[in-house]
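This report describes how the side chains of one protein chain pack and pair. It goes through cores, a helix, aromatic rings and salt bridges in turn.

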Amino acid sequence: MRQARALPLSRRGLLTAGGALGLGALVTACGDKGGSGSGGDDGGGGSWSFTDDRKKKISLDSRPRHIVAYIAAAAALYDFGIEKQITGVFGPTTLKNGKPDVQAGDFPVDQATSLGNTWGQFNVEKYASLSPDLLITNMYDPGALFYIPDDSKKKILSLAPSAAITTGRISMLEPIKRYAALAEALGADLKAKKVTDAKARFEKAAETLRKTVKSHRIKVMACSASADLFYVSNPKISADLIYFSELGVDFVVPEKPDKGGYFESLSWENADKYDADVLFLDNRTATLQPKALTSKPTWSKLPAVKAGQIAPWSSEPRFSYAGAAPLVESLTKAIQDAKKVS
């Protein structure tokens with residue numbers, strides 16, 4: 001469910017990008033180098049190529065050394081061992097107090113230049129100044145490069161090749177495997193203890209969740225809250241919910257999903273449309289959390305809220321074993337601790 005980042009409903013909707021002054025000269029200066037990469041091979045040797053999930057083959061003279069990535073993509077690659085090549089990020093990276101946003105995961109946010117922290121922000125001049133070899137982002141819908149503003153997309157994509165990893169409408173395991181493959185292509189060692197330990201933790205967590213849902217008949221509703229609307233997420237579209245469903249989690253399925261299919265938006269008067277024992281509540285910084293929802297009468301009357309059965313949901317997970325394992329464990333604990341209230 002991506003609505004909190006992209007209201008109105010289209011994730012590719014009304015985007016803006018400032019800082020166009022002087023852009024033409026930067027594009028002219030940097031546009032040609034984007035097709036071949038730059039800065040040496042970082043020990044990789046020879047040419048470099050990778051085919052992304054648009055079936056687009058990226059071919060460079062050497063392994064990319066200056067990568068700019070959507071923050072969740074950067075966090076996933078970092079988990080797999082890419083620690084120095086990411087020089088720029090975009091998307092929700094830091095909070096107002098300067099601390100890392102939840103979507104940054106373990107990525108050291110102070111080591112990379114931020115091109116914009118909120119939806120629609122992407123400083124193209126600053127991007128060009130980084131001499132990027134490769135741009136990496138998620139692709140929740142076919143062909144839609146996440147967090148790349150439509151009105152500056154052409155300029156952005158002229159500066160360097162781009163790689164997109166599909167992260168919507170498929171099971172979470174698939175983008176995890178794809179980010180692992182991309183990380184390996186970029187030089188990561190997937191046999192490193194950090195990676196293998198994370199994978200083992202993830203697999204153990206998944207098996208525990210599978211066993212838990214067999215003995216705990218609990219209905220879960222993945223949801224998100226804003227000031228005006230309550231969103232019920234569709235477990236048939238979001239990658240993590242698809243995977244959790246495969247493990248046996250019983251999710252509320254919205255009857256009338258909005259355009260795009262990710263969720264059904266309800267007025268607060270109708271927030272009690274569906275019954276659930278546990279609320280799996282979107283914990284992104286742009287969404288409302290339980291303390292901010294106490295003024296909503298319908299919220300306070302929900303059986304799961306009365307029972308205190310609310311679990312945080314990272315609705316834009318970072319697609320790595322290290323990123324996914326805690327999410328599986330959190331949901332498992334919420335189901336284990338819950339009682340039937342619906």
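## Nonpolar cores

A nonpolar core is a set of buried Ala, Val, Leu, Ile, Met, Phe, Trp, Tyr and Cys residues joined through side-chain atoms within 4.5 Å. Buried means under 20% relative accessible area, exposed over 50% and partly exposed in between, with a 1.4 Å probe and protein chains only. The model is predicted: local features need pLDDT of at least 70 and side-chain atom pairs count only at pLDDT 80 or more, while totals for chains, interfaces and linings use all residues. Residues are numbered from 1 along each chain as its sequence is written, and side-chain values use heavy atoms, with hydrogens and water left out.

The largest nonpolar core has 88 residues. Phe 107, Ile 136, Tyr 179, Phe 244 and Phe 280 have the most contacts inside it. Helix α2 supplies the largest share of this core, eight residues. Helices (H or I, at least four residues) and strands (E, at least two) are DSSP runs, numbered from the N terminus. A second, separate core has 18 residues, among them Leu 266, Tyr 274, Leu 302 and Val 305.

## Helix α7 and Phe 244

Helix α7 spans residues 239-246, and six of its eight residues are buried. These are Ala 239, Asp 240, Leu 241, Ile 242, Tyr 243 and Phe 244. After α7 comes Gly 248, which has a positive phi near 110°.

Which residues does Phe 244 contact, leaving aside its neighbours within four places in sequence? With contact taken as heavy atoms within 4.5 Å, they are Met 172, Leu 209, Val 249, Phe 251, Phe 280, Val 328 and Leu 331.

## Phe 230 in strand β9

Phe 230 belongs to strand β9, residues 229-233. Its relative accessibility is 0%, so Phe 230 counts as buried. The C-alpha atoms of Phe 230 and Ser 265 are 5.8 Å apart, although 35 residues separate the two along the chain.

Not counting residues up to four places away in sequence, Phe 230 touches Met 221, Cys 223, Ser 224, Glu 264, Ser 265, Leu 266, Trp 268, Ala 271 and Trp 299.

## Aromatic pairs

A pair of aromatic rings is described by the distance of the centres and the angle of the planes. Here rings of Phe, Tyr and Trp (its six-membered ring) pair if their centres lie within 6.5 Å; planes under 30 degrees apart count as stacked, over 60 as edge-to-face and the rest as tilted. The structure holds 20 such pairs. Phe 80 and Tyr 321 are edge-to-face, because their planes are at 80°, with ring centres 5.9 Å apart. Phe 80 is in the loop between α2 (71-79) and β4 (86-90) and Tyr 321 in helix α10 (residues 321-337), 241 residues apart. Phe 80 is buried at 3% relative accessibility, and Tyr 321 is buried at 10%.

Tyr 321 also pairs with Phe 202, in a tilted arrangement with 5.5 Å centre to centre and 55° between the planes. Phe 202 lies in helix α6 (residues 193-215) and Tyr 321 in α10, so this pair ties together parts 119 residues apart in sequence. Elsewhere, Tyr 70, Phe 90, Trp 119, Phe 122, Tyr 127, Tyr 140, Phe 146 and Tyr 147 form one aromatic cluster.

## Salt bridges

A salt bridge is a side-chain nitrogen of Lys or Arg within 4 Å of a carboxyl oxygen of Asp or Glu. The structure holds 16 of them. Arg 284 and Glu 316 meet in one, at 2.5 Å from N to O. Arg 284 lies in the loop between β12 (278-282) and α8 (297-301) and Glu 316 in the loop between β13 (310-313) and α10, so the bridge ties together parts 32 residues apart in sequence. Are these two residues buried or exposed? Arg 284 is buried at 2% relative accessible area, and Glu 316 is buried at 4%.

Lys 219 and Asp 250 form another salt bridge, with their closest N and O atoms 3.0 Å apart. Lys 219 is in strand β8 (residues 219-225) and Asp 250 in strand β10 (residues 250-251). Both ends are partly exposed, Lys 219 at 25% and Asp 250 at 38%. In the salt bridge of Asp 52 with Arg 54 (2.7 Å, N to O), Asp 52 is buried at 2%, whereas Arg 54 is partly exposed at 26%. Asp 79, Asp 106 and Arg 318 are linked in a network of salt bridges.
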